[in-house]
Every structure is written in C-alpha cells, then in structure tokens.
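Subject: Structure handover and findings

Hello,

Please find the structure below. My notes on it follow.

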Amino acid sequence: MGAPRTRRRVDVEWLCVALVMLLSGLVFFGWRGVSQAVTTGLLALAGHLLLGVVVQTLKLRENHDPPLHAFVLGLLLGLTLPVVRQPWMPVLTGLLLAVSMHLVGRARMFRVSPVVLVLMLTWMLGVTTTGVADPQSRLSPFGPLDAVLRPDRVIVGDVRKAPEEYGRRPWKETRSVPEQPSDAIRRLEPARLILTEKQRLLSDPNQLVNMLISGELITIEDILRGATPGTVGASSRVLVIVLGLGLMYRRLAHKRVALWALGSATLTLWMMPVVVAEGQHSIVIARLVQMPLSVGVTFTGYMLLASPFLVTTLILAPMTAPISGAGRAIYGCLIGAVGVAAMWAFNIPQAMFLGLFVAGLLSKALDELHGGFPGRVT
Amino acid sequence: MDAPAVPGLTGAKRACGIIRGNPVRRARYNAPMAGISGGMEFRAGVPIRVPEPPGTLPARGIRLVSRERPEVIAGQVVRAGQQLFRPGRPGMACYISPLMGIVKRVTPLMEHDGESAWGYELAIEPSGDRAETQMNVAPPAGRKLESWFAAMCQIGPWSDADGGVGLVPQLEMAKERKPKQVILVGLDAYPPCPDRTSLLMSFADDAVLGAVILADLVGAKRTVVLAGRGTGAGARLKPACKNFGAELLLANNVYPSSDPTLVAYHQAGGRLLSRGANPVSEGLLMFGPWTAIRVGRWFTRGRFDLVRPLMMRWPRAGEAMGCVYGFTGQSLASLDPRLGEHLADPASVVLVGNPMTGRRVGPVPRASVDEPVVPEEELLISVMPEVPATPLEPCIACGWCADVCPTRLQPVKLMEAALSRRGDTRLEEPLRWCIDCGLCSHVCPVGLPLTQTLRRAKSDAESAAGRSA
C-alpha cells in the first residue's frame with residue numbers, strides 16, 4: 001500500500017533536494033559553503049520556533065508552518081547565496097527568513113517565497129550581490145568571495161585560501177603548486193563579467209570567442225560542472241537541471257512554468273537595448289543576427305546559463321506557482337521577462353530574483369485564470 | 001467520506017505518490033478516452049471469478065428505505081415478488097419483496113422539523129429458513145420498449161447508479177427520444193477493486209446479450225461494451241461481442257473515467273453531461289454490468305434475479321476481493337462473519353462503495369436496528385486499513401487538486417467560496433460539475449476536506465434552489 005503525500009513528506013522531498021545541493025556546495029566550496037548554508041538553515045529554524053512561540057503567546061495568528069519547512073527554506077536560502085566573507089551574514093539572513101515566513105509564503109495572503117524576499121533584501125543591502133563592476137572591490141571585507149576550490153582540494157579545502165590574482169585556466173587544469181600553496185582559485189563570476197562586458201561583446205563578433213579562448217570568460221563546461229563562484233548549492237547547472245527535472249517528475253515543479261520562463265527570458269534578452277556606438281542604439285537580436293549563428297547561440301545560452309536563471313526557474317519558482325495552467329504560463333513569463341530585464345538594467349545577476357518576486361506577488365491573482373468544463377459547455 | 005487509505009500505485013508512480021495530472025494526453029491512452037485533463041492511474045487489481053447466484057440463500061430480515069409510502073402495513077404477510085412501495089410517479093420502478101415474510105414494522109422517517117416524513121423504513125422478518133434467489137417471471141414477448149418498460153417497472157428496484165440516474169428513467173426518456181448508442185460501462189469505478197471487470201469476465205455472454213437487448217429495445221444503432229484495457233476482459237468479451245454484434249471498446253481505466261459524466265464526454269463527441277443529467281438527452285443509454293447481466297439472464301433463463309453480488313475489499317494489502325450474494329436490504333453483517341466483526345469494531349472503517357467515494361457505515365452493535373444493509377446501487381464494500389488522522393493546515397497552493405480534477409474545477413477555490421458563501425446559489429453551476437470522485441481530497445498534502453465540503457455545499461445549494469423555487 002502506498003500513502004498519500006502529506007505536507008511533511010513534501011518537505012522531506014524538498015529537504016532531499018537541498019541536501020543534494022549541499023553536497024554540491026561541499027565539493028566546490030568546502031566546509032565554508034556548507035557551514036554557511038547549514039547555519040542559515042538552523043538560524044531560520046531557531047528564529048521560526050522563537051517567533052512561533054511569541055506569535056502564539058500574543059495570539060496574533062496560528063503558526064502553521066512546521067519546523068522542518070523552516071529548516072528546508074533556510075537551507076535553500078543558504079544554498080542560493082554566494083559564499084560571503086562576513087560570518088554574521090548567515091545569521092542575519094536566517095533570522096530575516098524566520099521573520100519573512102510569518103509574513104509571506106504560499107499559505108499566506110502574499111504568495112511570495114520568503115526565500116526570495118530575503119534574497120531581494122540582501123540584494124538591496126548589496127552584501128551578497130556580485131554586480132559591482134570593479135573586480136578589485138571583491139577584495140574588500142564586504143561582498144562575496146570570488147573563489148572556488150581547486151580540483152585537488154575539493155571538499156577538504158578552505159575556499160578563503162585563494163590567491164589575489166584571478167585565474168584564467170580551466171578549472172580541471174588548476175592544481176596547487178608548492179611555491180604558491182592555496183586551496184582555491186579566484187575566478188570572476190561569469191554572469192557578472194558577461195553583463196559588464198555585454199556592450200563590447202555585442203559590438204564585436206570575435207570578442208566572445210576571444211574571451212572564451214583566453215579564459216577571461218569561464219568555459220561553458222565549467223559552468224555546467226559548477227566550478228564557478230556564485231550560489232553555494234546551485235553553481236553546477238547540470239545538477240540544477242537534474243534536480244529541476246526530478247521536482248517535475250515528483251510534481252513539485254511544473255514544466256509549463258520552466259518552458260514559458262525559458263521562452264520569455266530568451267525573447268526578453270533579445271529585445272534588450274544595446275548601445276552600438278556613441279548615440280547609436282539597437283537591440284540585442286539585431287546585433288546577434290549580424291554575427292555567426294554559433295556566436296548568437298553561445299551568447300544567449302551563456303547569458304542564461306551563467307545567470308541564476310536556472311535556480312530561479314527550476315528550484316525557487318515552484319514554491320509559489322499558481323494553481324491554474326494559464327496562470328502558470330504567465331507566472332513563467334513574468335519570471336523570465338522581469339528577471340532578465342532587471343538583470344540587464346542593473347548589471348547584477350542576482351536581479352534575476354526580482355522576476356520571481358514580482359511573479360510571486362501576482363501568483364494568487366493568476367489562480368483566477370482557470371478554464372474548467374463549465375466554461376466549455378456546448 | 002472519511003479519510004481513506006490509499007490503494008497501491010503502479011511502479012514508479014507508487015514512489016511518486018501522485019500520478020500524472022494529464023494522463024489522457026499521453027500516447028498510450030487510446031483515442032476514445034483522450035481529451036480530458038486530470039484523473040489518476042491506480043494499480044489495477046486482479047479480477048476474481050464471480051460464481052453463479054445460488055438457487056437459495058439463508059433467509060434474513062430485510063430493511064428497506066423509500067421516499068414513497070409503503071403498500072403494506074405492519075403485521076401483514078408478504079410473498080416474494082409482492083409490491084412493497086408504490087412507484088412515486090408513473091414511469092418509475094416499484095419495489096418488490098425478495099422473500100416471503102411478515103412486515104415487522106413501518107417507520108416514518110421524519111424531517112428535521114419533526115412534522116413531516118421524508119420517507120419510510122420497512123422491516124420484514126422472513127418466514128422460512130431459506131429464500132429463493134430468483135423469481136419465476138417470464139420476460140415480455142416481442143421487442144417493444146413499452147412492454148419491457150412496464151415489466152421492468154413491476155419488478156424493481158433497479159440500481160440508481162446506471163448512467164447516474166438509473167436504467168428506468170433512461171428508458172422512460174428513450175421512449176420519447178431514441179438514443180444513438182447503448183453503452184455497457186465495464187470500466188471499474190475504482191480500478192484497484194475491479195468489481196465490474198470481474199462481473200463482465202464471469203458473465204460475458206449474459207452481459208453482452210443484456211446490452212444488445214436493451215439496444216434493440218430502444219432502437220440504438222450502436223452497442224458499445226466499454227471495458228478496461230489490460231485486465232483480461234478484452235479476450236473474454238471479444239467472442240461474446242462478435243456473437244451478438246456489439247462493439248468492444250477497451251480503454252485504460254484512469255480513475256474516475258467510468259463516471260457517467262466522463263463516459264458521456266468521450267462517447268458523445270465532447271458534449272458534456274452534468275451530474276444527475278439523463279444520458280439519453282445526449283443520445284446515450286448507459287448502465288453497469290449487473291444490470292446488463294440481469295437482463296441477459298432474465299431473457300435466457302426466464303427467471304429474474306432477486307439477489308445482487310457484492311464484492312468485499314479487505315484491508316490487508318494484496319488480499320483478493322471476496323464475493324457474496326445478498327438481497328437488497330439484508331444486513332451487511334449477515335453476509336460474511338468477517339465483515340460483521342469489522343462493522344462492530346469501532347476501530348474499523350467500513351465503506352459502502354469504493355475507498356474514494358464510499359459512504360462510511362457502522363460501527364454498530366450486532367443485531368442493532370441500525371445495522372447497515374445491502375445497498376441497491378453499490379457493488380463494493382470496502383474495509384479500510386487504519387489511517388492516522390492528519391491535522392488540518394491551510395492550503396499550501398500545490399495545485400494538485402486542480403491537476404487531478406477530471407472536470408477541471410479548482411476544488412480548493414470552490415471550497416473557499418463554499419465556506420465563505422454557504423448556501424449561495426451562484427456556486428450551483430460550478431458545483432454541478434463536481435462528480436464526487438474524491439481525488440482532490442486524496443491528493444491534498446494537507447488533508448483538506450475538499451470533497452466533503454463540496455458535497456455539503458452542493459446539497460446546500462440544491463436546498464437553496466428548492467426553497468427559492
């Protein structure tokens with residue numbers, strides 16, 4: 001005999017997803033990445049329990065979210081953030097999440113994921129975003145670490161032990177040398193670099209190829225593998241795709257959302273304005289059609305793969321998706337369109353979460369777009 | 001419906017817990033069942049061999065309930081086949097006594113106001129040890145619908161479940177409007193308990209013959225036997241269908257595809273039939289296997305069956321269904337000692353019907369006057385395993401209830417509307433399309449009482465409509 005899935009079982013399934021992501025974080029960011037995510041999760045749990053007691057004591061409202069749910073959301077939040085320098089960041093984000101859970105969520109009036117709300121807040125604070133154009137500013141005590149563990153130091157290494165200069169060789173070819181012992185290599189986050197260099201890339205058809213060959217841009221293989229700085233648990237795009245497909249199989253995610261998000265993100269990206277020369281404006285697609293097809297495809301694919309588009313669409317979006325089919329399509333469109341437009345406008349990869357925030361705000365209203373049998377009576 | 005245990009699910013689907021929201025669009029579903037969303041695929045159970053009805057059965061007391069005033073009084077001796085309740089209006093079937101006995105009591109069932117009776121309960125004590133299971137009454141000669149209709153009305157009751165309204169109301173409408181198709185719905189109401197498939201496989205010739213007779217009577221051009229694919233019923237029914245000129249249609253049994261609304265949707269070219277509407281209005285005459293078998297056996301043997309088969313679904317996983325025969329109105333506990341034990345046990349959950357839509361009966365002490373009795377419309381009695389109670393939580397908007405709804409409703413939204421606007425007639429239209437399949441409650445991860453609330457809202461809306469009329 002099987003058993004129907006209870007909410008606890010649903011939370012356990014999400015926990016499994018988070019644990020797989022945590023494992024990925026352990027590989028590429030070592031114990032620092034894992035401890036940051038776990039701390040966020042535990043602080044979210046503690047804050048949720050504490051606030052729950054306060055809320056129930058004051059009889060403000062009933063606390064329906066189980067502790068496991070709070071822990072899972074905390075883990076997912078910790079895994080979506082990059083490895084940060086400040087030890088208080090996981091504590092702050094965990095506590096912020098605990099407060100957010102009492103305000104928004106899929107069972108609340110505002111169906112915005114609390115994880116997304118906290119991501120937006122940290123984006124506004126600017127401490128976990130990777131959109132600052134000057135790479136030197138990454139060395140400041142604030143801001144995320146632009147580093148990933150070397151292949152011979154995965155799991156056991158300390159991601160903070162990275163040299164000052166940025167490496168250009170593919171991840172697999174980097175090894176720690178005795179004269180310069182270090183656990184990690186410093187790399188620029190690919191999404192940030194491509195956003196910073198977008199005008200140059202679209203002006204010269206050879207620029208993208210040159211940057212990829214020279215190692216200035218991280219190779220697509222490394223992006224798919226996950227050897228890039230950025231989110232702790234979702235740096236491996238292959239893993240995120242596999243987890244997303246798994247969530248769809250388990251009916252926790254919806255392929256309609258993902259497909260519409262992909263379509264709208266691509267279209268929006270192509271429609272973004274670009275300055276070709278001084279005073280000359282065009283749109284991305286107009287520049288791409290003048291380039292070889294392979295360059296156009298690589299640019300579009302690289303932009304979406306390198307950005308947090310996949311983790312937004314496949315892992316975070318299902319949590320606040322509307323009930324109706326048409327609503328899910330519009331929700332997906334909003335995530336893709338608003339996210340890419342914000343990312344393009346602010347030059348910050350993490351602005352992609354804005355799309356999810358806006359879509360979440362409208363999610364409840366999108367439920368109404370539901371056509372049933374009664375609507376089709378002949 | 002009380003929280004039912006969940007039946008087994010197929011392979012990977014079992015691990016999945018919830019099945020495809022859109023199963024009929026997948027290629028492996030055959031064309032006649034394509035075109036609707038929702039539904040759920042359960043692991044189909046193994047059909048059992050249903051024996052022929054025995055010649056006699058131990059005589060037990062029967063208890064019948066009807067909206068009509070009884071034709072008999074307390075203390076009166078009744079014989080087998082005697083009319084007990086007069087038909088409510090011309091064109092309805094009467095209620096005959098299945099055995100000889102004495103009317104023990106006639107009890108009016110009072111409305112809530114305590115002033116008027118909504119129905120009557122009649123108890124009959126048998127006068128012998130055994131009772132005949134068949135009645136010597138020849139089927140009408142000829143192929144005239146009127147004469148068959150009159151004869152059928154005299155030997156009721158007939159199941160109300162056929163086509164959602166019963167066979168007799170459909171035949172009555174067929175007198176005015178000739179249906180194009182006659183459909184013997186052999187898809188199981190609940191695939192893990194293949195009650196209809198078992199009957200079809202055990203009485204293939206009688207079932208197909210019964211369907212063909214009814215098609216001939218109403219002048220339908222097409223006789224369709226709709227059976228579950230992969231159950232073995234196809235091979236068993238093929239020769240019978242070939243002999244009698246019926247069309248065999250095998251369809252994947254996606255729950256609740258056997259519901260009249262969904263059968264009508266597929267067979268009437270996408271036209272819809274709301275809950276409780278007469279299928280003949282869409283050119284269809286629908287009935288279940290036991291009705292067809294009864295007609296077929298009546299025609300070939302010249303004797304009319306007074307008993308009905310009942311399948312038992314036991315709580316232990318993998319245990320085969322049981323089958324017994326009983327008279328309508330006979331105590332359920334008297335059918336099987338095991339069932340009697342479960343009915344008396346407060347920890348047991350016994351449902352009349354399937355685990356998704358069944359109505360809970362018991363627990364009642366043995367030989368109580370409130371003992372549940374053999375129903376007129378159900379073929380299945382489900383004894384459920386114990387289910388831990390789940391606390392109520394708010395909706396987490398997973399959308400599974402809308403995904404599985406076979407009539408594309410948004411159950412949770414309807415529930416919210418029903419709770420906030422109880423008795424509002426504006427809810428009546430969407431609620432008409434709720435077929436009470438129970439899937440929304442089944443898949444809801446927070447255990448919201450969706451089916452139960454919609455059912456209550458429906459009855460509230462009907463009452464409100466009745467009052468305004």
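How many nonpolar, polar and charged residues does the lining of the largest cavity have? By class there are 15 nonpolar, five polar and six charged residues. In this scheme Ala, Val, Leu, Ile, Met, Phe, Trp, Tyr, Cys and Pro are nonpolar, Asp, Glu, Lys and Arg are charged, and the others, Gly among them, are polar.

Before the rest, the conventions. This is a predicted model, in which local features need pLDDT of at least 70 and side-chain atom pairs count only at pLDDT 80 or more, while totals for chains, interfaces and linings use all residues. Residues are numbered from 1 along each chain as its sequence is written, chains are lettered from A and ligands numbered from 1 in the order in which they are written, and side-chain values use heavy atoms, with hydrogens and water left out.

Cavities

The search of the whole structure gave eleven cavities of 30 Å³ or more. A cavity here is a set of points, on a 1 Å grid over the protein atoms alone, where a 1.4 Å probe fits but cannot get out; lining residues have an atom within 4 Å of a point. Grid points are joined across faces, edges and corners, and a volume is the space filled by probe spheres set on the points.

The largest cavity holds about 330 Å³ of space. Its lining consists of 26 residues, and those nearest the centre are Arg7(A), His69(A), Arg106(A), Met319(A) and Ile396(B). Helix 1 of chain A has the largest share, with four residues. Helices (H or I, at least four residues) and strands (E, at least two) are DSSP runs, numbered from the N terminus. In terms of domains, whose bounds come from an automatic or database domain assignment, domain 1 (7-125) and domain 2 (190-228 + 236-366) of chain A each provide at least three lining residues.

The second largest cavity has a volume of about 170 Å³. It is lined by 18 residues, and Gly156(B), Pro157(B), Arg294(B), Leu306(B) and Thr328(B) are the closest to its centre. At least two lining residues come from each of strand 5 (95-96), helix 8 (289-301), strand 14 (303-305) and strand 15 (307-313) of chain B. By class this lining has eleven nonpolar, three polar and four charged residues.

Sheets in chain B

One open sheet has four strands in the order 12-11-10-13, with parallel pairing. Two strands pair if DSSP finds at least two bridges between them. Strand 12 (247-251) and strand 13 (284-287) of chain B are the edges, each pairing on one side only. Neighbouring strands of this sheet are turned by 25° against each other on average, direction ignored; the axes are lines fitted to C-alpha atoms, and angles run from 0 to 180 degrees between N-to-C directions.

Strand 11 (residues 222-228) of chain B is joined to strand 12 by five bridges, with Leu226(B) opposite Leu249(B). Strand 10 (residues 181-185) of chain B pairs with strand 13 over four bridges, and Gln181(B) stands opposite Leu284(B). Strand 13 is covered on both faces: Leu284(B) and Met286(B) on one side and Leu285(B) and Phe287(B) on the other are all buried. Buried means under 20% relative accessible area, exposed over 50%, and partly exposed in between (1.4 Å probe, protein chains only).

A second open sheet has five strands in the order 16-15-19-17-18, with mixed pairing. Its edge strands are strand 16 (322-327) and strand 18 (359-361) of chain B. Strands 15 and 16 of chain B run antiparallel and are joined by six bridges; Pro309(B) has Tyr325(B) as its bridge partner.

Most residues other than glycine have a negative phi, and most peptide bonds are trans. The peptide bond from Tyr255(B) to Pro256(B) is cis, with omega near 0°; Pro256(B) sits in the loop between strand 12 and helix 7 (260-267) of chain B.

Ile155(A) has a positive phi of about 70° and counts as partly exposed at 42% relative accessibility. Arg408(B) has a positive phi of about 55° and is buried, at 19%. The loop that holds Arg408(B) runs between helix 10 (400-404) and helix 11 (411-420) of chain B.

Helix 11 of chain B is largely enclosed by the rest of the structure, because seven of its ten residues are buried. Among them are Val412(B), Lys413(B) and Leu414(B).

Regards

Notes: 1 Å grid on protein atoms, 1.4 Å probe; cavity = no way out; pocket = protein on both sides within 12 Å on 5 of 7 lines; lining within 4 Å.
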